[in-house]
Amino acid sequence: MKRIKGRRKVREPRFCFKTMSDVDVLDDGYKWRKYGQKVVKNTQHPRSYYRCTQDNCRVKKRVERLAEDPRMVITTYEGRHAHSPSHDSEDSQHPYSHLNNFF
């Protein structure tokens, strides 16, 4: 978040995706570092927090399971990447590698 004239904070744009998956973290082409986890009310699944590992990139990602349907993963991105996705040879073979075009 950025401050404007010391009074208010302006939020970065947020994008939210709901996906049915057995794994919590889907491969979106970027590299992430987990920096926290929090217990969420009314669900047995924790919420996890990630930051992009690229220098000078301030994008954050929040991953949690839907309380009503634990098969659904909600991924929320805050901010926009100022760089291209990481292209490892194994990433291009991943079934979700097409998601790179959306971020």
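So, Asp24: with a relative accessibility of 39%, this residue counts as partly exposed, because that class lies between buried, under 20% relative accessible area, and exposed, over 50%, using a 1.4 Å probe and protein chains only. Quick caveat: this is a predicted model, where local features need pLDDT of at least 70, side-chain atom pairs count only at pLDDT 80 or more, and totals for chains, interfaces and linings use all residues. Residues are numbered from 1 along each chain as its sequence is written, and side-chain values use heavy atoms, with hydrogens and water left out.

Okay, where does Asp24 sit? In the loop between β3 (14-20) and β4 (32-38); strands here are DSSP runs of E, at least two residues, and helices are runs of H or I, at least four, numbered from the N terminus. Leaving out residues up to four places away in sequence, Asp24 touches Val63, Arg65 and Val73, where a contact is heavy atoms within 4.5 Å. With Arg65 there's a side-chain to side-chain polar contact at 2.8 Å, meaning N or O atoms within 3.5 Å, one able to donate a hydrogen and the other to accept it; residues adjacent in sequence count only if both atoms are side-chain atoms.

On to the strands. β5 (residues 47-52) runs antiparallel to β6 (residues 60-65) over 4 bridges, and pairing takes at least two DSSP bridges. Ser48 faces Val63 there. β6 also pairs antiparallel with β7, over 6 bridges, with Lys60 opposite Glu78, and a hairpin of 6 residues links β6 to β7.

Last one, Ser86: it's in the loop between β7 (72-78) and α1 (89-92), and at 19% relative accessibility it counts as buried.
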